[in-house]
Amino acid sequence: MTMLELKLHCRGADGFSLALEESLSLEGVTAIYGPSGSGKTTLLECIAGLRKPEGDSTINFAAQCWQRRGYSLPSWQRRVGYVFQNGRLFPHLDVSGNLDFASRRRGPVQALAQDQVVSWLGLEHLLQRMPDTLSAGQRQRVAIARALLSAPRLLLLDEPLANLDSASRQQCLHYLRQVIEHAKIPMLYVSHDIEEVSQFADRMLILSEGRVREHGSMLELSSRIDTRLAQEEKAAAILLTQLRGQDDYGLSELALEGQSLWVNQLKAQKGEYFRIRIPARDVSICRTLPVDSSILNILPVTIVEIEARHDSPVLLRLALGQQYLLARITRKSAATLKLAVGDRVYAQIKSAALLSEIASQA
Amino acid sequence: MSAAELDAIYLTLLLAGTTTVLLVLLGTPLAWWLSRREGTLAALIEALVAMPLILPPTVLGFYLLLLLAPGSFIGSLWQQATGSQLAFSFQALVIGSVIYSLPFVVQPLQAAFSRVPQELLQAAATLGAKPFDQFRSVVLPLSRRSFLVAASLGFAHTVGEFGVILMIGGNIPGETRVLSVALFDYVESLQFAEAHRLAALLVAFSLALLFLLYRSNRRSLGIGA
């Protein structure tokens, strides 16, 4: 597997410094996640050659050196696609002019067909429009298409959806998924929105204050309770499920580690894989199987870890076959139920938690 | 209009045209350099470029005369290369005009180049555009209007030049006798009717040029539209 090897040291304003030594896999999508000011954009700019790191930094892309002491491969030779937060379309060119800008400069390399990219991003009707007549969401779609058409070996996306309202964000996300599914270009996707990246990221690198806190598989990281992620209000486990069928009540049945999970009807083929996200705050625990509950999804699980901090709710990591659920319950409940590691209990998943679930192909 | 006057008009247009072409060629890289540079050297160059705005033209003309005179380094080099004298020639007028009108071309271009966001150049770089390509395909098209402004101002200012020309060009018909100098001649010899003719022509020309320029400026900014 080809890797992007980084040994970076970069000083910014106000005493901020980014320091990391990581090998990033160049396959699928790696989310770069962290609060604002954690160095996410600085990292991307160093990779793209738009910012000079300190002299002792090195960047190697597969077998090619991009950065070492006294040498820096210029941006225009790195063949890195960069989707900026605010699009940065050329205002003097229409949409197709912006796309041509990229395809004319990529040289004799194999590239995605322009028609193909235009259709993935739904730009057919926008080609003759000028950038200042486009909505923010449309501009971002053009920016993504433009980056793809430069035939990048690596695509960097810097919070491409951050400036969009929630409706156009959903729409843009839909187009972005098409790209991720079909384009087969490794991507680094910067975001501070965990729900967004958990929909499609394969791996996640968590940054905070210029340092790497975690780096690993998205599914694995999201189900741990010893990370900063688990402490967040939105903490949620991500699980892989397969569509088993539909019922007469407008629900779909997902297979999850030999159990069934009922969610609102998914328009998809039987056997397709879905990633679902179950927030820790929507999982509650019962000692015995409730027989007369309105909650549909009650799964037998084993408690494998308990994180009880003073003054905060108790976090549980629950094993379900090979996968894990997270549950956040009050300290009072934990004490009343006398929960301990190794206990076999039932996890109740509120159906409401699943309404907003994301049906993304794994 | 007399043949001498038509000669002066022709000479004026030739001088202003040549000067404008040279100014755009020289001023573009200079303005680009200034727009992307910080520091003492850039500030010094910027100040030098702006000097003709405040310096009396006679001061500029005086030093240029010393510089281009037959005995000077440049003057004698020119004499050896071409066999003719540089001072009091059309070529000397072109050199003087380029320096005299430089700020009128460099300043609007520099302002336009500074307005092109660095972000767009970064985007162009990640799409594979080298620096000159970035300039040609992003900066130039975004500064098109400013080129029109810069060239018009440079041209108009050269047409209105007098002090520098008198110092380094003198008053040789067909060689250095441009409109403003011819006008001065008429006034000195009390030929006010002829002087009026040339003066009115210059007023009309300047007004027309500036009017067209400002009107197209307002249109492109959408003022009153």
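Helices, of at least four residues, and strands, of at least two, are DSSP runs numbered from the N terminus. The model shown in these close-ups is predicted.

**Close-up 1. Ala151(A) lies in the loop between α5 and β8 of chain A.** Phi of Ala151(A) is positive, at about 55°, although the residue is not a glycine. Ala151(A) has 8% relative accessibility. Ala151(A) counts as buried because the cut-off is under 20%.

**Close-up 2. Ala62(A) sits in the loop between β4 and β5 of chain A.** The relative accessible area of Ala62(A) is 36%. That value falls between the 20% and 50% cut-offs, so Ala62(A) is partly exposed.

**Close-up 3. An open sheet of 4 strands in chain A.** The strand order is β14-β13-β12-β15, and the pairing is antiparallel. β14 (259-264) and β15 (273-279) of chain A are the edge strands. Each of these edge strands pairs on one side only. From one strand to the next, the twist averages 45°.

**Close-up 4. Strands β12 and β13 of chain A run antiparallel.** β12 covers residues 236-246, and β13 covers residues 251-256. The two strands are joined by 4 bridges. Gln242(A) has Ala255(A), in β13(A), as its bridge partner. Strands of a sheet pair through backbone hydrogen bonds, either parallel or antiparallel.

Key: Residues numbered from 1 in each chain as written. Chains lettered and ligands numbered in written order. Predicted model: local features only at pLDDT ≥ 70, side-chain atom pairs only at ≥ 80, totals over all residues. Heavy atoms only, no water. Buried < 20%, exposed > 50% of the residue type's maximum accessible area, 1.4 Å probe, protein only. Pairing = 2+ DSSP bridges. Axes fitted to C-alpha atoms, helices over the stretch in contact; angles between N-to-C directions.
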